[in-house]
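The report below takes them in turn.

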Amino acid sequence: MAFTKKILAFLLLATLVRVSLGTVHKVGDAPGWTTLGHIDYNQWASSKNFHVGDTIVFEYNNQFHNVKQVTFQDFQSCNGASPIATFISGSDSITLKRPGH
């Protein structure tokens, strides 16, 4: 019985560590964010399971690109005129703080 409790405690702890650490997802995997090559970012995103606590990493050439956080409505209409935030470092990490869009 004590062994079973220890196993359950370990599994619970492992689950909590996973939730607190999250997964790091580099957009585009090895190539990163680029217009070179034929990277299908929709396919890339659909192959991932994103959760609160995960981090999305954008690596890109900041002389030509940036990352803008927009509302879901602005995303749907491809409107980046009034972003919530703009990232310009070329290596930006964004941690997901809530579920949804």
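Helices (H or I, at least four residues) and strands (E, at least two) are DSSP runs, numbered from the N terminus. On that basis the elements run α-β-α-β-β-α-β-β from the N terminus on. The protein has three helices and five strands.

The model is predicted: local features need pLDDT of at least 70, side-chain atom pairs count only at pLDDT 80 or more, and totals for chains, interfaces and linings use all residues. Residues are numbered from 1 along each chain as its sequence is written, and side-chain values use heavy atoms, with hydrogens and water left out.

## Surface and contacts

Accessible areas come from the Shrake-Rupley method with a 1.4 Å probe; for residues, only the protein chains shown count as cover. The accessible surface comes to about 7800 Å². Carbon and sulfur atoms hold 61% of that surface.

A residue is buried under 20% relative accessible area, exposed over 50%, and partly exposed in between (1.4 Å probe, protein chains only). Of the 101 residues in the protein, 18% are buried.

Contact means heavy atoms within 4.5 Å. Take the contacts between residues at least 6 apart in sequence: 60% of them join residues at least 24 apart.

## The nonpolar core

A nonpolar core is a set of buried Ala, Val, Leu, Ile, Met, Phe, Trp, Tyr and Cys residues joined through side-chain atoms within 4.5 Å. Which residues make up the largest nonpolar core? There are seven: Val27, Tyr41, Trp44, Ile56, Phe58, Tyr60 and Val67. Helix α2 and strand β2 each give two or more residues to this core. In soluble globular proteins, nonpolar side chains tend to be buried together.

Val27 touches Gly32, Trp33, Tyr41, Trp44, Ile56, Val57 and Phe58, not counting residues up to four places away in sequence. Phe58 is found in strand β2.

Phe87 is found in strand β4. Beyond four places in sequence, Phe87 touches Tyr60, Asn66, Val67, Gln69, Asp92 and Ile94. From Phe87 to Phe58 the C-alpha separation is 9.4 Å, and the two are 29 residues apart along the chain.

His25 lies in strand β1 (residues 24-26). Leaving aside neighbours within four places in sequence, His25 is in contact with Trp44, Lys48, Asn49, Phe50, Asp54, Thr55, Ile56 and Val57.

## Exposure of selected residues

| Residue | Relative accessible area | Class |
|---|---|---|
| His25 | 8% | buried |
| Phe58 | 16% | buried |
| Phe87 | 22% | partly exposed |
| Asp29 | 38% | partly exposed |
| Cys78 | 73% | exposed |
| Lys97 | 73% | exposed |

Most residues other than glycine have a negative phi. Asp29 has a positive phi, near 60°. Its place is the loop between β1 and α2. Cys78 also has a positive phi, near 55°. Cys78 lies in the loop between α3 and β4 (85-87).

Lys97 is found in the segment after β5. Lys97 and His51 are 46 residues apart in sequence, and their C-alpha atoms are 8.8 Å apart in space.

## The largest pocket

On a 1 Å grid over the protein atoms alone, a pocket is an open set of points where a 1.4 Å probe fits, with protein on both sides within 12 Å along at least five of seven lines; lining residues have an atom within 4 Å of a point. Grid points are joined across faces, edges and corners, and a volume is the space filled by probe spheres set on the points.

The largest pocket has a volume of about 1600 Å³. Its lining holds 33 residues, and the closest to its centre are Ile56, Phe58, Lys68, Val70 and Phe75. Two or more lining residues come from each of α2 (41-46), β2 (55-59), β3 (67-69), α3 (72-76) and β5 (91-95). Helix α2 gives the most, with four residues.

What is the lining made of, by class? It has 19 nonpolar, ten polar and four charged residues. Here Ala, Val, Leu, Ile, Met, Phe, Trp, Tyr, Cys and Pro count as nonpolar, Asp, Glu, Lys and Arg as charged, and the others, Gly among them, as polar.
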